[in-house]
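Subject: Structure handover

Hi,

Here is the structure I promised to pass on to you. Have a look at it first, and then read on for what turned up in it.

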Amino acid sequence: GATTLGFCGMGIMGVPMALNLMKAGYKVVVWNRSADKCEPLKAAGATVARNPAEVARQSDITFAMLSDPPAAVQVATGPDGVVAGLSAGKGYVDVSTIDPATVADVAAAVRAAGALYLEAPVSGSKGPAEQGALIFLTAGDKALFEAVSGPLGVMGKASFFLGEVGAGANMKLVVNAVMGAMMAAFAEGMSLADRLGLQQQDIIDVVALGAIASPMFALKGPAMAKARYPTAFPLKHQQKDLRLAIAEADTAAQPLAVIAAANDLYVRARQQGLGDADFSAVLEAVKGQQQQQQQQ
């Protein structure tokens, strides 16, 4: 029969990803900690389960898009967690961004239940999730990677199989650490341009035509110039990824001077109450530093 897919975590990413699976004709069973977030999926015809274990029992393959390592562990291995509903022949694909140690723990629990495990953190935020243009950075059981090629193709534009469990998390943390540092540098550049009497849009246009052109700068720059930060990737999640990357680097005895400095700016932005704003709101932390300098 047709493959039934489960999906746990109906947030800014999970909702559009699950909707795309439904549009492609998959039967989808969903769960979210706060049930009201499941309404768009229920309206589109999804089955809403009472807990993650029920999702896994009703599904051939279960996906999860969760906010951080504690949530990933709780949903997978907690009471009525996904693992309780897994058995031989089923698969669990965790598309959350979590640290390699957490990935290994979840993988061990899934495999102990007789099921297959794939970590598949995504590169891409709200827009690419809606457009089915995410990039999946996967590792774990190759057989499950092959089995989910259809759903991954619906939700994304590319999927990489990187090897053993932990490789996907590491790749994602490297990519997001670079992204956070790039955005922090761009924010400082825009702030400096403003102090020097340059037009913000001119900076955006000049950068777009040179070797440091980036789709991220082109997309975020105009809104940043107006001090608007509509959330595509929450700042609190960017800071979490920087924190996880710095912790992994510490374990590997790899200094990250630039990335650590960027992290400090995101921490400052969170202290300013900007955790739920888009990560481009790090510009407000740069402005805050500037104001402190002026007051001294």
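Let me start in helix 14, where Glu284 and Lys287 sit three residues apart, or about one turn of the helix. Please keep in mind throughout that this is a predicted model. The two side chains form a salt bridge, with 3.1 Å between the closest N and O atoms. How exposed are the two partners? Glu284 has a relative accessible area of 21%, so it counts as partly exposed. Lys287 is partly exposed as well, because its relative accessible area is 25%.

In total, the structure holds six salt bridges. Another of them joins Lys220 and Asp278, at 3.1 Å from N to O. This pair ties together distant parts of the chain, 58 residues apart: Lys220 belongs to helix 11 (residues 215–225), while Asp278 is in the loop between helix 13 (257–271) and helix 14 (282–295). Both Lys220 and Asp278 are buried.

A further salt bridge runs between Lys240 and Asp241, whose closest N and O atoms are 3.3 Å apart. Are these two buried or exposed? Lys240 has 6% relative accessibility and therefore counts as buried. Asp241 is buried too, because its relative accessible area is 1%. The cut-off behind both calls is 20%, since buried means a relative accessible area under that value.

Two elements each give two or more residues to its lining, namely helix 9 (167–195) and helix 12 (235–251). Helix 9 provides the largest share, with five residues. Which residues line this pocket? They are Asn170, Leu173, Val174, Ala177, Val178, Ala245, Glu248, Ala249, Leu256 and Ile259. Sorted by class, eight of the lining residues are nonpolar, one is polar and one is charged.

The largest cavity holds about 30 Å³ of space. Around the largest cavity you will find Asp94, Ser96, Thr97, Ile98, Val103, Tyr117, Glu119, Pro121 and Ala169. That lining divides into five nonpolar, two polar and two charged residues.

On the surface, Phe160, Leu162, Met171 and Val175 make up a nonpolar patch, and together they have about 300 Å² of accessible area. One of these, Leu162, lies in the loop between strand 9 (156–161) and helix 9. Leu162 has a relative accessible area of 31%, so it is classed as partly exposed.

Gly78 counts as buried because its relative accessibility is 16%. How far is Gly78 from Pro52 in sequence and in space? The two are 26 residues apart along the chain, and their C-alpha atoms are 9.4 Å apart.

Happy browsing, and write back with any questions.

Best wishes

Terms used: Residues numbered from 1 in each chain as written. Predicted model: local features only at pLDDT ≥ 70, side-chain atom pairs only at ≥ 80, totals over all residues. Heavy atoms only, no water. 1 Å grid on protein atoms, 1.4 Å probe; cavity = no way out; pocket = protein on both sides within 12 Å on 5 of 7 lines; lining within 4 Å. Helix = DSSP H or I, 4+ residues; strand = E, 2+ residues; numbered from the N terminus. Nonpolar A, V, L, I, M, F, W, Y, C, P; charged D, E, K, R; others polar. Salt bridge = Lys/Arg side-chain N within 4 Å of Asp/Glu carboxyl O. Buried < 20%, exposed > 50% of the residue type's maximum accessible area, 1.4 Å probe, protein only. Points joined across faces, edges and corners; volume = space filled by probe spheres on them. Patch = residues over 30% accessible without salt bridge, like charges linked within 9 Å, V, L, I, M, F, W, Y side chains within 5 Å. Areas by Shrake-Rupley, 256 points an atom, 1.4 Å probe, with all protein chains shown as cover.
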